[in-house]
Amino acid sequence: MRREVPKSFADYTPLLFPGLMLVVFFVVPFSTMIAVSFFKRNPAGFYTPDFVVDNYARFLTTFFAGVLGFSLMLAVLVAVCCVCIAFPFTYLLTKRSRRVQTLWLVGLLSVLSLSEVIIGFAWSTLFSQTAGITNLFVALGLMDKPVALLPTFGAVLAGMVYQALPYTILVLYPALVRLDPTLLEAARTLGASPVKAFFNVVTPALRNTIVATLIMVFVFALGSYLLPQILGRPRHWTLSVLITDQAIYQSNMPFGAAMAVFLVLISLALVGLMLLVGRKENAL
Amino acid sequence: MSGLDINAITKTFGNFIAVDNVRLNVPHGTFVCLLGPSGCGKTTLLRMIAGLEEPTSGAIVLDGEDITPLPTHKRNLGMVFQSLALFPHLSVGDNIAYALRIRGASKDEQKKRVDELLTLIHLPGFADRPVAKLSGGQRQRVAIARALALSPKLFLLDEPLSALDAKLREAMQVELRQLQQRLGITTIVVTHDQREAMTMADLVVVMGNGRILQAAPPIEIYRKPADAFVADFIGITNLLPAEVDSAGRTTILGTAIPGLAMPAGVTKASVSIRPEDVHLGEPGSRAITGQVTFVRDLGGTIETFVEVGGTSIIAVATPRERPNVSVGAKVGVTLPPESCVVLGS
């Protein structure tokens, strides 16, 4: 490919449209949010332009630190669960016939059409005492009497993994389809059992894809604010829930904005750290 | 019994018979080339020997042990794939040491073997390089070294040189053959390149439609092809119709060839004669008379195309014995009977 340094202004015109979109839909709202995070709250009305750091100072309490820690832990757990389930599943899917693959992918895509609200209420029914899955276990003789499985941490995790799983599979699928099947066969001729070959050939060969997928699901899970409320107790609420609460129900825009900015910075730092560690290991 | 025995192996995919009742004995230390056009079942046969495909019926016996039920990783073989399948996330040394690592060999042991193998493939000091930084020929050698790391009983190669350019391919053929002779390892190579098979093999196995058509040393395959397909597939040949006339003489294109005998009871057959065995001279009663249609002078060899009653005969000569012919001239074509091979139908 020929690469030339753009010389005149005209050479930059192809960037104009995407640049404009980026400014209108990202730079402007995000700057507004950062600005608002330094404004002063007006309890009677909304907020007044100012420059105070109170919103950030208020954030530095053990309560919010705890919520932040829980949110990050939950997002990491969702990402790890999704990849652990999706990676072997997608790998086995790519070994099936074209027809079977298409059917599964169409099914997975249809799950994406469900909104977070529908997913939340579907799982809350499934985990309920009166109509839930435990009734089935009782019928099968596995349990004595039906129990409610929510609100619990497990229910929150299950709902969020369910929501993120189709994305995970769709991101992993192209990389796994392109994987050279002879890599695995080569490992087998060299004395590795199929399971061993999968773990020390297929997985490392796709390390970058796995890292990228983990980051994607992590960021995706960090923004979830409905499922923790529907399926969990207040102590399972994430920072996103609190941001929504502050911004919409408490009318405290500046504090909500401050939390949002903080969350963005922390997630960027984590993603950066992950990429840095990945690059170091690659260099070895 | 030492060596590899392929015992009536059949493989079907649905209604398609990929390998059809193949029997082959490969003595220990033999270099075998499975040769044939694409889709003839040669790769499927190799993959069954490797355990990557399960035979529909039949058995594969290695040194007296039936290895048919053994999974690939317990067969003690080395294989080089067409794509080479080098592990992209490992260095050259780690690729070669993979099999040793799987078996839990110590670091020192791994390093010693890697150094040994790198010397063997003429790439000493390459252990720490990433495989992505290697040239095509170097990758090829690393794949070979990796397959040989455990000194396997069987060395299998699936079209190993097809990705290389012509010159490098010829050099690697010689190198591969020399390596095999030094190690004395039973080797099976799948190829569709007859030149490659002639260069390397002790035993050439020509396959077509899932069956073995002929298994013999290269020169025998070339000199005494079993049928028209083999004769045509290996090198260039003239396939001419032969008949027994009323006087009991064998004739080709209407001219009697004294000294050429047909098998008892056969009156019509195809005869194969290599272009370099065809002699051109003055037209005469003992020769077949034809007309020169084209002369291709390649410098090293001269190919003359002669037409006899609608059939084209190719004669090849070296510049030293250049036939004195020109396009349009009448020539006498002599076919030495000892060079004519009567083919089975």
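Two residues are in contact here if their C-beta atoms, placed from the backbone, lie within 7 Å. Keep that in mind for what follows. The model is a predicted one.

I'll start with chain A. Take the contacts in chain A between residues at least 6 apart in sequence: 66% of them join residues at least 24 apart. Chain A has 13 helices and two strands. Its C-alpha trace spans about 75 × 70 × 35 Å along the principal axes. Chain A has 284 residues, and 28% of them count as buried.

Now one helix of that chain, H8, residues 181-189. Is helix H8 of chain A enclosed or open? Seven of its nine residues are buried, so helix H8 of chain A is largely enclosed by the rest of the structure. The buried ones are A:Leu183, A:Leu184, A:Glu185, A:Ala186, A:Ala187, A:Arg188 and A:Thr189.

What do these buried residues pack against? Within chain A, the partner is helix H9, residues 194-205. From chain B, the partners are helix H1, residues 42-50, and strand S6. Just after H8 of chain A comes A:Gly191, with a positive phi of about 100 degrees.

That brings us to the contact between the two chains. Chain A gives 16 residues to the contact and chain B gives 17. On the chain B side, the elements that supply two or more residues are strand S6, residues 77-80, and helix H2, residues 92-102. By type, the chain B side has 11 nonpolar residues, five polar and one charged.

How values were computed. Residues numbered from 1 in each chain as written. Chains lettered and ligands numbered in written order. Predicted model: local features only at pLDDT ≥ 70, side-chain atom pairs only at ≥ 80, totals over all residues. Helix = DSSP H or I, 4+ residues; strand = E, 2+ residues; numbered from the N terminus. Nonpolar A, V, L, I, M, F, W, Y, C, P; charged D, E, K, R; others polar. Buried ≥ 20, exposed ≤ 12 C-beta atoms within 10 Å, placed from the backbone.
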